[in-house]
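This report describes the fold of one protein chain for a reader who has not seen it before. The sequence and structure come first, and the description follows.

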Amino acid sequence: MYSHTAEMKDIELVIPMKSLGYEELDETERLLVDTAREMTSKAYAPYSKFHVGAAILLDNGVIATGANQENVAFPSGTCAERSACFWAGANYPDARFNMIAIAAVGPDGETTEQPTAPCGACRQALLEYEKLAGHHVPILLVGRERILRLPSVQSTLPLAFTEF
């Protein structure tokens with residue numbers, strides 16, 4: 001039987017992250033950011049004009065990359081993040097994710113002013129690979145002037161169903 005004795009209370013959800021300039025990143029982070037930015041040019045986005053690139057550093061040193069690929073039969077395309085993580089899983093099934101960077105270029109042809117976060121489907125897909133890695137995988141969200149460094153994929157989906 002359900003108890004009615006519990007009192008309602010507010011709960012605050014806090015997502016830790018750092019806002020950094022490019023020069024504040026370490027060498028590995030800069031390489032991933034540069035790769036994600038480069039991958040935006042590989043996107044096929046004739047409908048949205050929103051080009052996204054992703055770069056995932058694997059524990060074997062490989063950087064798996066992806067770019068969004070649209071299709072007129074929406075939603076038959078795929079996002080950059082999922083194209084990168086599924087490619088990594090298919091080609092390096094024993095490798096584990098160490099870090100992820102995501103960048104986007106808007107319809108104006110410029111890197112988005114604000115960092116672009118993954119959609120819900122990509123967050124859940126990336127979380128599966130973070131779980132497989134057995135450790136938190138930092139994620140870098142790239143904006144024009146600032147980069148957000150989040151401590152894990154899980155921090156982008158804090159109430160996700162996971163065993164972490």
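In this predicted model, Val142 stands opposite Ile147, a residue of strand E6. The two strands involved, E5 and E6, form a hairpin with four residues between them. Their pairing is antiparallel and runs over four bridges.

E6 also pairs with E1, again in the antiparallel sense, over three bridges. Within that pair, Ser19 has Leu148 of E6 as its bridge partner. The two pairings of E6 are set side by side below.

| Strand pair | Sense | Bridges |
|---|---|---|
| E5 and E6 | antiparallel | four bridges |
| E1 and E6 | antiparallel | three bridges |

Both pairs belong to an open sheet of six strands, ordered E1-E6-E5-E4-E2-E3, with mixed pairing. Strand E1 (18-20) and strand E3 (63-67) each have a single partner strand, so they stand at the edges and one side of each is left without a neighbour in the sheet. On average, neighbouring strands of the sheet are turned by 20° against each other, direction ignored.

Which strands does helix H1 lie across? Helix H1 (residues 27-39) lies across E2 (51-58), E3, E4 (97-105), E5 (139-142) and E6, and it runs at about 145° to E2. Helix H2 (residues 80-91) packs on the sheet as well, where it touches E2, E3 and E4. The direction of H2 makes about 30° with that of E2.

The next topic is the nonpolar interior. In soluble globular proteins, nonpolar side chains tend to be buried together. The largest nonpolar core here has 25 residues, and Ile56, Cys85, Phe97, Ile100 and Leu126 have the most contacts inside it. At least two residues of this core come from each of E2, H2, E4, helix H3 (120-133) and E5. H3 gives the largest share, five residues.

Leaving aside neighbours within four places in sequence, Ile56 is in contact with residues including Cys85, Phe97, Ile100 and Leu126. Its other contacts include Leu32, Val62, Ile63, Ala64, Glu81, Ala84 and Met99.

Conventions
Residues numbered from 1 in each chain as written. Predicted model: local features only at pLDDT ≥ 70, side-chain atom pairs only at ≥ 80, totals over all residues. Heavy atoms only, no water. Pairing = 2+ DSSP bridges. Axes fitted to C-alpha atoms, helices over the stretch in contact; angles between N-to-C directions. Contact = heavy atoms within 4.5 Å. Core = buried A, V, L, I, M, F, W, Y, C linked by side-chain atoms within 4.5 Å. Buried < 20%, exposed > 50% of the residue type's maximum accessible area, 1.4 Å probe, protein only.
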